[in-house]
Structures are given as C-alpha cells and as structure tokens.
Amino acid sequence: MIDMAKVSKKNMKKETIVKKSRGMTESSAATEPRVVYDDGDDEEEHLNEENLSSEEEQEGEDGASDERKRQKLLEAISALGGKRKNKLGERSEAAVHMSEFTVNADGGGDKVDLSDLIGNIDKTQAVPNKTKNQLKTLQQNEKTIETPLSKQESERIQRNVAFHKVATEVTQWKGIIQQNQKAEQLIFPLNQEPSGPRAMETVVTCWKAQTPLEQEIFSLLSANKQPIHNPILTPVEEATLKAMSFEEAKVRRAELQKARALQSYYEAKSRRERKIKSKKYHKVLNKAKRKDFLKQFETMVKTDPAAALEELNKMELARMKERMSLKHQNSGKWAKSKAIMAKYDEGARKAMQQQLEVNKDLTQKLVTSLNNDQEEEEEEEGGNPEVIPEFVNDAEQGVDSSNPWMRGKLFESPTEREVSDTVDFTEEGPGIMVNTAEEEEDDDEEGTEEERLLREFDHRRRLRQAEEADIVAVITVEHEEENKAAGACVSVLEEEEEENKAAAACVSVLEEDEEENKAAAACVSVLEEEEEEEEELSKFKSVFQGIANTHLDAEVEKAEETADTNHVDTHLEEGLMRIRTLEDVALLSQMESVADQTPVQPLTSPTTENMLSTTKMVGKNSKRKRGIELKQVLTKESKVIQVPLALTVEDKEDSDEMLDQRGLIKEAFAGDNVISDFLKDKRKQEDVGKPKVVDLTLPGWGEWGGMGHKPSRNKRRKFRIRTVPRPPRKDQHLPSVIISEKRNSSISLHQVNSLPSPFVNHTQFESTIRSPIGRMWNTEQTVNKITNPKVVTQMGAIIEPMAKEELMKNKKQVSTGNSSGVEPIKTKPMKHTKKK
Amino acid sequence: MASPGKANVKSPHVGKKKKPPARYWDKLQQEEGNNDENKDGKDGGKAQHAPRRTQKRKLEETRRDRNKFISGKSDPFPGPAPIPEERLQKFKRKDKIKKPRKGQRTLRATIAHSEQTCEMAKKQAARFDLLLPEDAGFLEGDKDEDTCTISQDDIADAVDITSGAKYFNLKLSQFGPYRLDYNKTGRHLLLGGRRGHVACIDWQSKQLMCEINVMESISDVKWLHSEEMYAVAQKKWLYIYDSKGIELHCIRKFNDVLRMQFLPYHFLLATASSTSFLQYLDVSVGKEVAAYCTKTGRLDVMCQNPHNAVIHLGHSNGTVTLWSPNQKEALVKMLCHQGGVRSVTVDKTGTYMVTSGMDKKLKVYDIRAFKPLKSYFLPAGASCLSLSHRGLLSAATGDIVQVYRDVWSCPVTKPYMAHRVRGTAWGLQFCPFEDVLGVGHGDGFTSMLVPGAGEPNFDGLDANPYRSVKQKREWEVKALLEKIQPELITLDPSELGKVDYATFEQRHQDRVKALGFDPLAKEKFVPKHKKKGRSSAGNIEKRKKQVAHEDQRDIIKQSVEDKLRKKDTGKEAASSLSGQKSALDRFKK
C-alpha cells in the first residue's frame, strides 16, 4: 500500500512537472511568436517602403525637383521611425553604393586619427592659439581613460565609505556611554541645573560685566592690575612672591652645584688612589686608617660606651655580611686567574687555599649560647651523651678548618685550643699579615674598615691553627692560675669522667702532647716586628673580651663533652699553655680576667639537661596522643578553684520531681560507661556514612562453579563496584564530638546556587556578598552610599535623548579642565625664563 | 566629621607669614581640575572613597603643597584623621581576595567596587566607634585583698545611690525556689516560684506589674519578645500570660515543659520537656515550627547560642547536643562530662561554651571548633551557670554564687566575686546592660552588684532600656518585619552567604541531561587529519596521547617542582642553621 501510494505520488509529481513544463513552453511560445511577428512586421514595413520608393523612382524620372522632393519625403518617412537611423549605422555589408550620410570604416584606414581630423588646424588662422595648444597636448597624451567600475563595485565602495563615516560618528559616543555605564549613579534628566540656591562663588565667577558702567569699572580694575576673581593677592604681589621663590631657587641651585662638584672631586681622588699599584702605599694607608679607627674607638669606649657597643655590633654585622656574600668561594675573577696559576705557582696555590679557609671560617657558625639548645637536642636524639665517641664531638667542634688528616693528628686538647684561641685574640703574626694583606687589597676595597679588621683577625686565627704543626711555641708554662679559673668547671666534670674513661683516647692525647713538646723544643723564633702589632692590639683586647667570653663559654661546654681529653689535664692538675713571646706572658693577666668570667655559664650540668630532654620527650608523646585518646581528653587535669565561702546548704537534686526509679538509677550511674557508649555511637554514625562495596559476581558464570569453588580474583575485582569514598568527616580529629553530616536542605532554598554572570569562581562571589549592607551593621552614611539607586529620575521631568551638543560640551569641558589643571605648573617656568 | 577634601586645599597664593586660610572656592577649583566623577552632592564621603589612584594623587599634591610653603610651616595634621589599626581590625568583615586576571574587566570592576564599599563601611564604623562613650570597669581590691572577699554591702555603700539601690533582696520564702528571667532590655524581671507564684517587676523602679499564683507547680518562666507577654511552663501545659497577669493561651501541644528559651530575632520559643521532646513555637503566628524527640531522657538543661540561635541541651550521659529546628537529629553531639551535665551556657559572641557537670567540673569549650579550652574543678560543683555580656561567668554552688572573670583566656584560681544567698540558688541570670546579677533561690530573689558585668553601650534601635511606649511600638513592628525565618538557623550563620554547591552540581547535571552535552566541559582534542599516510590510526593515537591530561600534567609538574624546591631550601636552611658537621664532612671540600 505504501509503495503504491508512493508511486502514485511520484506520478502526481511527474504530472505536475510536466504541466509546469508545458506551461513554460506555452508561455515561451506565446512570447516568441510575438517577437517574431514584430520582426516580421518591421520587415514588411521596410519592404513596403522600399517598394514604394522604387515605384516612385520609376514614376518621377523626369525632373531633379522631383528627385529632391523624393529625398525629402524619404527623410520625412525615415524620421517617423526612431530606430531606423541606428539601423542605417549598423549596416555593415560591403556595398558599392556608398551613402554619403554615413561614414564607413571600411573605406580608409582602420581608425580615425585625431591628426586626420585636425591636421590642418595649424594652417587655419581662425582657430585661436589656445585651443591649438590644447589640442596638441591632447595629441601627446597617450593615456586612455580607464573603464568605469561596475555598478556593484562602485556601490560597495560607497557603502564602505558611508559605514566608516557613520562608525566614526557613533564611536564619538562611546566614551560617554562607557562613563555612564560605569557611573555609580545616574540622575535623569542629565545635566540638569541644580535647583536651589547656588553657591556664592559660582555666581561670582560666572558673572560678567554687561552694563556699560560695569564694563567701565572692570576696565579700570584690569588697567590697575587689581584682582578680579581672586580677591586675595594682586598680580604684582604674586609676581613679587614668585621672584622671591626664584631667588631661593638660585641659592639652592648653587648649593647643589657645589655639592656635586665636591662629590666629583672626591670621586676623582678616590679613583686616583685606587689606581695606585704600590702595595706598600696601600699597606701604609691601611695601617694609618686602622690606627685612626683604633684611636677613635678607644675614645669612644671612654666617652660613649653605648656607641662603642654599637660599633662592635657593626663589626659583627660586617662579619655577617661578609659571611653572606659569596666572595671567598674561589669563584671570582681573581680566584680564576689564581686557579690557572696554581699549577705552577706555589704562592698562588697558597693564596687560594687561604681564601678557601676564609670561606670555611666565615661559613662556620659562631659558637654562641644558642648552641646549648642544639646540644640538648642532640642529647635527646642520642639518648646517652656519654656513649658517643669523642671524635664525633671533636669533628663537630671543627674550629680548625683545614683537614685534620693532613695535619697528621686527630685530636687536640681543648685547653690547648682554648689557649690558642685566646691568644689569637691578643696576638698578631705580622708575617701572616703580609699574606693576608695581599688578597684583601684585591677584593676588599669596598669593604668597611671594621670588616677588614675583623677578617684579618679571623685569618690569623685560622692560619695560626693551620701552622701549629710546623711553627710551634717556644715555651710551655704550667699555668696554675689559668687552671684555677677552669677548675670550677673541671671539678664538675670529674665525676662524669671517672664514670667513663676511654683509655685509648687518653693515650692518643698524651702522645700528641709529647710530640708537640718535642717540636716546641726544636724551634725558637721571636719576631721583633710582632711587638708593635701586639702593643697595638692589646688595646683591642678589652673590646674583644666580650666576644672572647662567648667563645670561651662555648669551648668550656665542649670540654664537658670531650671530657676524656680533659681528663689528662685534670689528673695532672695543670693546664697546658703555650706562650710564644714575652709579650704573650705580659698579656696573660688579660687572659686570666677573661678566663675568670667563663666558668659561670657552663655549669649547666648534663643531668639537668637530661631531665629537660626527658620532659620534652614526654611532652611530645602526649602531644601526639592528644588527638586520639578520648579518655585523656575527659580526664584532663583540671584546676581546682578555692572558694572563700564555705557551703552551708547542701545542693539538693530535685527529689520531689516525679522521677521513676530506673531513671534515677540511670542518672546516678551514668558516668560508668559514658565514654564507651559515646564511642559506640560515634562508630555507628561513621559506619552509616561509609559507602558500601557492592559485589555483583555470579559464581559459576563463565567458569566452573560448585562447592569449594570460588570465583577468580580477577572476576571478583571486575564485578565489585566501589563507590567513591566520601570526604572525611568533619569530626575526624575530634574524638569527643559527633558532627552530623546531614545536609541542611532548608537553607539551600535561600542560597545562591548558580554563579551570577561576571563571576568565575564562587570565592569571588562570596567575598562580594559577605559584608552586610543593612542599617543594623553599618553607619547611616555607608548605608546610603551602598544602597544608592543606580538610576534616579525626576518625576515629571522629560528625559530627552542626548543631544550632540552635549557631546561637544563634554569634550570641551574635559579639554578646558585639563588645561586649567595644568596651567599653573606650566606658566611658572615661562615667567622665569622671561625674567632671565 | 571633617571632610578630607578640605585637608588638601590647593593654594596658589601663599602668604608670607601665615598659611592662608583655606577657602572653599579653592576646593571647588580643584574639584573642577580633577574632573571629579562624583556627581551627587555629598562630597564629604565621596571624596574619601574616591578610587585609590586619585587619593594617591591628592596625597602627592598635598605633599607638594606642603613643600611650597615658604614659611616652612605645614599642616600638622594632613589628610583625614587616622584610625587606629586595632579598631579597624574590630570591624573587619573579610579578607581581600586575589584580583582576577586582566582580561575580565567587568568582573574586576565589580570586585573592586565591592572591596571599596566594604573598606568604606569598615572605616566608617571604626570612625563612629568613637561615639560609644561608655566604658566598663572592674572591681579592684587593695593590696593583698581579694576582690571576692568584698561583700555586697560594702559595694553598695561605695557606689552611688542609684547603683546601690540595685542591690536588694526579695524575701519570698513561701513559694519555694524561684526561677527568673530578665527581658531583652533589662528593665523587667519575671519571677516564677516553684509553688506557683509568678511576679513581673519593673525592678529598677521596684514597681510590681502583676503578681499571680497559677496554683500549679512552675518549672520555668520566660519573657517573650516584649514585656507584654511571658510564657510559664506549668505542671502540665505551657501557658502564656500578659503583663497584667491575664492568661492568654494554654498550649496543650507543649506538655511537661521543663526549660524554655526564647530566640528574639526568630520569635521562637524553644521548650525542652521531661518527655525528651524539643519543641519550637513561633510566637508571632502561634504555630508549632518543629518538634523533635531527642531520645535522651529528661531535658532539664538548656541554653541558646545567641550568635546562631542554636539550642544547646545537656544530658544525663554527659553529652551536650546542639539543635536547630531544621534537622531531626542533633547537629553536634559533644561528650563533655563523665557525669551528667548540670548546666550549659554560651557567651554572647557564640565563641565559648561553659558547662558544668555532676563530676564537679567546669569546662570551657571553643564552640566554633568544638575543642575544650579550660577545665576547672569546683569542689562543690556548679548547678547553674550564666554568662554576662562582657564575659563574666557566674556559677551557683549550693547557696554560694561565684562570679569569674576571663575563664577562657587565662587559668582562674579564684573567683572574682562571691556572695552567699539564703537558700540554694535555683536560677541565675545577668541583667542585660546592667552590672547586676539576679539570683533566684529558695528564699526569694537577690539582685547582686557585679561591676563590669553589663555591656555599657546599648544599641538604641535593638534593645533600648530607656525606650518610650511609642518607641516600643515602633520597635515591635520593625522587629516583626525583620523576623528571621526558622529555616535560616544554621550552625554557621555565614553559610547563607555561600554558594550552594550541591544544588549547583545537581543543576548542572540536569542541564547536561537536557542539553545532551556538557556546556562547561572542555573540548575534546581531535587530531588534525594529515595526508600522505601520516594520519594512520597509530599516529592519531600517538598524537592524542601527547596532549592527554595536559592540565593535570602541568599541575603535577608544578607540585613536583615546588616539592623539590622546598626540600632544597629546607636542607639548606637546616644545614645553615645547625652548623654542625658530621664526621664525614671533613672529606668534603
């Protein structure tokens, strides 16, 4: 049936198409024959006319007048049909009989040349010269006129131009529109004259002289240079004021010039000085500077101890800065050049080594009281500090930076170091000084004096320690007083020492000492140059005592740790002390004073430290547990509060209340299983919230089933549907709290559930609606400001569309406003120039 | 308020000796020059809150001006008066958020605008904080004198007469221990004796408004929104009376009520019954909003959190549960005591909760984080607790009423004040806006003086103790209009200002279903078809793989980099900090 219907439909369609085509043909047929007919008609007419003419020719052969008549008639007849003339022109068949009325191209050349037409114009006198010239230029001009554009193209261009014109016109409004869009409030009608009384000033400024009397007065005023708008100062006064400011400027300029010149002189001078290559010169200079500084410092110590302290702090700071800079890492230009030389040059190698040591020294942390804490921590970690082998501590001390393996000895008695250290603060090695001076001249020119001095000291200390193996002291003196000073701490330590003696270490230390003694006996060298330096530096001692103190403190503490090494000394009841020069002996008294101050601090006995550490450990443990243990939370110790007044009346429970027995009992014994109940409850809640795993495996599906057969692991895994785990509960870390995870749907009705247009994420939106705007929370002014309506219209006022004049006005205002704003700044310099 | 616009007056004409007087036309000129956008007339606030850039420019101008003075004199107080930082902090609403990227102009504008208004509101509020002139004081003893030993009589003698008159006793020994309630303004006192005595008093003038005996046992009394009406929980039902003692309602739906709380902004009366039912009654329309069975036995401990209108209930198993009328189960359940909970109270800001239990402990909790802060042991155990506006805690232990200061900030060893009343204390409440603590006890009522208890600055539009009848009427209408619906009670009130994420996602899913595609999804990468056999299946897959999870990869890369950097810096810091060397360090260069 359906097919049939389709077929019939198709047939119908065909028919209609056929019909249509028929109709088409019919219509065309109807038009075509008419055309043909028309043509035929024309031709017939034509033929008729020709026939007529031939007949007339035959009739009137007799006279020429007849001929003329006939011509006229022909013309008249031809004039009747408009088309005929064209037809005549188009006739192109070759004809012997040439009509004199038409020009035929076949006759002469191919084209009619202009010269053909106007060739004899030159000869004719009647044509004026002007036209002749014009014709000539026309002849020379060979350009052909371009073909005119097609209609579509020209229209397109016109449209384009028109569009641009309109677009520019419209974009003029863009600024205003944007401004209005951005404006917090728009009041329509725009640009309304503010009602109510106007400010006096606006009236005054807007007012213009109109009546002749007013004009006269104004002219008088202006002639006398009296102020018109600004009634405070006359222009003359203003001018004088400005003149004064000019004078001032001049003075100031002169000052500035002078300062600049001085600066440039100074710069030039320093540049010159820097270029001087003489090392001796620099040495002398530095020395002088140092002396100067010392003098200053000493006076400062006397006069202004606070300032001196500050200076000291500065020194410290300078050292810190030096530390922070990576100057000594042998990565600079100088270091690179030295590295190249190092292969061949002993001196260069040494210099580099020194530099490295400086670096190490600087990067070493200063042993301060802070170290105490670290040691405590260490002990915490290690548990038993006494068990730690001594060399670990020794390495930690690491005051001597150069490789101990290279030096050939592992240990160094702490007292020894102590001494050497203290000596370092007071002693000076001039030989070394020379060495160090070289480098420093290279890289420390910009450094401050203090910085340089400090670094020198450090250098010397390092070098002294490095070279200890080679150049050894002259005399070893048993210094009892020194020992006494250290005795306090030693006595404390003795107890511990006895507990754990490491015999091997003792022996090694002894051996070491012997070696050193031998070496000491070997060489005696007293450098005379040192003396001066020493004297100079003895002044420093007092200053550096503070620093030395801290150093000593730390060292004594370390001595506690390396008790075994100390052991020897204490047993001998004497301190080893090396003094190189006689001056050093003189300086000993100074050291004593230093040493005397030391034993106070280091007395923090390790036992107390241990106590501390244990308490700390306990504290940590408790912290860790706190989050978990509910019982601990509840049984947390609480403060007992004493009340001054004693109770007189016993607090009665509401016994007369209707309470059944069970309830009473339950209330009384509630505390027994409160916690376990609560925990159970919490677990239950957690379980409810947990997502369940759904197992969809069908045993025996796709594999063997039956008793003892389990579906394979792979399959189980495949068919187990795991839901996404829920986000962690809010009370995850609160053992004694159950927070309900149910969603509060009642509030969601009032919440925003889709982000409004310009916002990208919800934090942005939330932040914008976070602060309230109501009267309850804000001041009146704020509320008014915040809740201002965006558009205000006046009742009854006609709001007309913006006129173009307003646009122009606005522009003008902007321009005038700008100019007025800029004017006062611009005019001033102009006047200055005039005066000059 | 001095308008800041005046401060930066531009004066082209400078006097020699004196700074020329600031003229308003100068300001006008300047405004014209600046082409001020502010169109409306109030320039005082406007100028201040103009965009920051213009402010900066103005500042610079003022600086230039200052330099211009030849006399060397300059404005000693340039610019607007500074606001102390802490006061600004007090009114801070939110932190600034990160500005969006450059492209989104409208977004940037809206955010900037909101930020600006917020800032302005904060500043204004901080400025006007100056107008709260009243200050709270505290009792200070002499040397070696505990403030808790100072008796009420001494205090009453020392203070002025009006304040001294606020210490008084009402001897009502007939009708048994009394419960009490002050109304919101603190002017009116409602007393309910256990044996049926109800009395309303304008306690400051000591004027009795009404006195009735309901001839039934009374468990609690409560003022409703105004001093016109109050609710009395009687033996069986809940009754509502007016201030003349006329019974207005008997609500049979609310039976066996033991405790009541009134939520003033929601017009809700919450009741807890001995049948363990928590019920909410909307007082404005007289409808029961919600009724939940808590299944925790007799409910005789109840308080409200004034910050979020959540009801706290204490139970005999040592737990405190938090309830809102919108959820059938407790919002939060906290285990606070090993014995039963005897009393609970929450401070005005909703930050702290203080509980006392049968285990004779007094505990302070941070109720926002549900964490315990302090725990005290009271040898006698506190039966009633009450917190004042300024954070004083009163605890009744038997017949002694103790008042503590700063229980949460620093550990307390002694009470701030103590007073012995004539019977066992039954009800305690601090009077709002007064330094007065009302104690209902077995032998009547005691009004105690507690210096520093009340908030000295009241909000005249919210709770005005000195309001006239007309003002009261006005307030009542406004309050009813601004009534907060019970659905809005949540644990975190700021939740209302958050985007509802769950429904957002749900909606999105629906939309995806309707559209057939995810409009917010990222476009899938379709590799370009290449010719000459370079678009083979393998090649296409390869190309797909190259871009797969690109964003995720970026994130991972970033995180790994961050981690590495952190590790490095940590190591460096550790090494530089410790300065210690291991034994093997000597081999390092």
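**A strand pair and its surroundings**

A: Start with β3 and β4 of chain B, which span residues 188–193 and 197–202. The two strands pair in the antiparallel sense, over five bridges. This is a predicted model. One of the pairings can be named by residue: L189(B) has I201(B), in β4(B), as its bridge partner.

The pair belongs to an open sheet of four strands in chain B, ordered β2-β3-β4-β5. The pairing in this sheet is antiparallel. At the edges sit β2 (178–182) and β5 (207–213) of chain B, and each of these pairs on one side only. Neighbouring strands of the sheet are turned against each other by 15° on average, with direction ignored.

Now widen the view to the chain. Chain B holds 12 helices and 28 strands. It has 589 residues, and 47% of them count as buried. Take its contacts with a separation of 6 or more: 46% of them join residues 24 or more positions apart.

N308(B) is found between β14 (301–305) and β15 (310–314) of chain B. Its relative accessible area is 10%, under the 20% cut-off, so N308(B) counts as buried. What does the side chain of N308(B) reach at 2.7 Å? It reaches the backbone oxygen of L491(B). The side chain of N308(B) also makes a polar contact with the side chain of N305(B), at 3.0 Å. Leave aside the neighbours within four places in sequence. N308(B) is then in contact with I489(B), T490(B), L491(B) and P493(B).

Q185(A) lies in the loop between α7 (174–182) and β1 (186–188) of chain A. With a relative accessible area of 12%, Q185(A) is buried. Its side chain reaches the backbone oxygen of P789(A) at 3.2 Å.

Next, a helix of chain A. Helix α11(A) covers residues 279–303, 25 residues in total. From first C-alpha to last it reaches 36 Å, close to the 36 Å expected at 1.5 Å a residue. At its start, a side-chain oxygen of S278(A) comes to within 3.4 Å of the backbone nitrogen of K280(A). Which residues of α11(A) are buried? They include H282(A), N286(A), R290(A), F293(A), L294(A) and F297(A). An α-helix has 3.6 residues a turn, so residues three or four places apart point the same way.

Finally, chain A as a whole. It contains 34 helices and eight strands. Of its 836 residues, 28% are buried. Among contacts in chain A with a separation of 6 or more, residues 24 or more positions apart account for 75%. Chain A exposes about 60100 Å², and carbon and sulfur atoms supply 57% of this.

Back to the starting point. β3 and β4 of chain B share five bridges, and the sheet around them is open, with four strands.

Note on methods. Residues are numbered from 1 along each chain as its sequence is written. Chains are lettered from A and ligands numbered from 1 in the order in which they are written. This is a predicted model: local features need pLDDT of at least 70, side-chain atom pairs count only at pLDDT 80 or more; totals for chains, interfaces and linings use all residues. Side-chain values use heavy atoms; hydrogens and water are left out. Two strands pair if DSSP finds at least two bridges between them. Axes are lines fitted to C-alpha atoms, for helices over the stretch in contact, and angles run from 0 to 180 degrees between N-to-C directions. Buried means under 20% relative accessible area, exposed over 50%, partly exposed in between (1.4 Å probe, protein chains only). Contact means heavy atoms within 4.5 Å. The expected span of a helix is 1.5 Å times one less than its number of residues. A polar contact is a pair of N or O atoms within 3.5 Å; within protein, one must be able to donate a hydrogen and the other to accept it, and residues adjacent in sequence count only if both atoms are side-chain atoms. Accessible areas come from the Shrake-Rupley method with a 1.4 Å probe; for residues, only the protein chains shown count as cover.
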